[in-house]
Amino acid sequence: MSRNSLNFRFFLLQGLLALLECVTTAYLTPILFHFGYSPARIGFVMTLAAVAATIARPLWGWLNDRLACARQATLGAAAGGAACFYLITHSEGRLVPAALGTMGLYVTIICLMNFIDSWAMRLISTGSPLDYGATRAGGSLFYAFGAAAFGAVAARYGFEPGNTVLAVLLVPMAAVTLSLPNPPKAAAPRGITLGRGIASLAGNRVYLAMLAAFFLCTLDSSTMDSFYSVLILSLGGTEREVGIALFVQAISEVPMMMGYAFARRRWRFPPAAALALAMFFYGVKSLVFGFAPTWSAAVAGAALQALSFALLTPACVDFMLETV
C-alpha cells in the first residue's frame, strides 16, 4: 500500500472513530445529568467505568500483540460500543443498566482509542510510512464538526437519535477498517513472561518517571474530561453550548496534530520535553475551567487543548517508540 493511501485510510479511520466517541462518550455526563444524577453519583459511575477500562486494556494489548487481529477487534469494539450506548439511552435513568452501559463504553470505545494508537505504533515500528500526527488530526477534525452537529440535535430531540447515527457510522467504519493491513503478528520471544516483562519495565527509570508524571496528569485530565459538559450545563449552557465547546476543543487540536511531525524534524526536541510542556498546559487549562465565571469563558478555555492533549498524544507515541 502506498504512503498516501495508507495515511488517507488511517485518517478516515481516526475520523470515524472520533465520531463514534463523540456521539457516545462525549455526551455521557450530560445524559447522566439529565437522568437527575448528582455530581457524586456521576463520579461514582465514571469511576466504575475507568476501573473497567483499566482491567480491559491488557487484554486489548494482548490481542494486538499475539493475534494481530486489529481489524476484527476494531469492528467488534465499535459494534459493542453502539450496543452499550443503546443500553444507556434506554435505561430510563436506572443506575445498574446506566452504569453497565457506561462501563461497556469505556471497555470498547475508550479502550479502542488506545488500541488504534497501538496499531499505528506497530505499523510504524515495522517500517510502514504512517504519519501518526497527521492521521490523528482526522479524529480531531471529524470530532469537532460531529460535536457541534450532535449537540444541536441533542438540544432539540434528546440523545436517542444517537443510536441511529451510530448504526449509520458503523457501515463506513467497517469498509475503512477492512481496507487497512493488520499489524504483523509479534513473535513471542522464548523465556519472556508477563512477570519478566513487568520486571524489565520496572528497571527502566525513564519509563517509570514518565509513568508517575502521567498518573498525576491523568488525575487532572480525567476530571476535566468527565465533568466539562457538566460545567457548561451548570453555568447555564445547554447541549447546544456543549456541542460548541467540544467543537472549539477539537478544532484547536488540528494545527498541532498536523504540524507535530514537521516541528519535531525542524527543531529536534525530545518527546519527553513535549510531554512535559503538554502536562503543564493541562494544569493551566484546569485552572481556567475552575475559575470560569460563565459558560462562554469555559468554552474559550477549551482552546488550550492545542497545547495539552494535541501535543501530548503524538509525543506519547514518539516517547513509547523511543523508550520501550
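This is a predicted model: local features need pLDDT of at least 70, side-chain atom pairs count only at pLDDT 80 or more; totals for chains, interfaces and linings use all residues.
Is Glu 92 buried or exposed?

1. Residues are numbered from 1 along each chain as its sequence is written, and side-chain values rest on heavy atoms, with hydrogens and water left out.

2. Glu 92 is exposed, its relative accessible area being 70%; exposed denotes over 50%, buried under 20% and partly exposed the range in between (1.4 Å probe, protein chains only). Glu 92 is placed in the loop between helix H4 (70–89) and H5. Helices are DSSP runs of H or I with at least four residues, numbered from the N terminus. The phi angle of Glu 92 is near 55 degrees, a positive value in a residue other than glycine.

3. Arg 268 is found in the loop between H11 and helix H12 (271–290). Its phi is likewise positive, near 55 degrees, and the residue is not glycine. With 71% relative accessibility, Arg 268 counts as exposed.

4. Ser 252 occupies the loop between helix H10 (239–251) and helix H11 (253–267). Ser 252 is buried, at a relative accessible area of 15%. Leaving aside residues up to four places away in sequence, Ser 252 touches Ala 302, Ala 303, Gln 305 and Ala 306, where contact means heavy atoms within 4.5 Å.

5. The largest nonpolar core holds 89 residues, of which Phe 10, Tyr 27 and Tyr 228 touch the most other members. Such a core is a set of buried Ala, Val, Leu, Ile, Met, Phe, Trp, Tyr and Cys residues joined through side-chain atoms within 4.5 Å. H5 supplies the largest share of this core, 15 residues. Residues up to four places away in sequence excluded, Tyr 228 touches Ala 245, Leu 246, Gln 249, Phe 289, Ala 298, Val 299 and Ala 302.

6. The axes of helix H5 (residues 95–125) and helix H14 (residues 309–323) come within 11 Å and cross at roughly 50 degrees. Met 121, Ile 124 and Ser 125 of H5 make the contact with Val 317, Met 320 and Leu 321 of H14. These contact residues comprise five nonpolar, one polar and no charged.

Technical notes. Axes are lines fitted to C-alpha atoms, for helices over the stretch in contact, and angles run from 0 to 180 degrees between N-to-C directions. Helices (H or I, at least four residues) and strands (E, at least two) are DSSP runs, numbered from the N terminus. Ala, Val, Leu, Ile, Met, Phe, Trp, Tyr, Cys and Pro count as nonpolar, Asp, Glu, Lys and Arg as charged, and the others, Gly among them, as polar.
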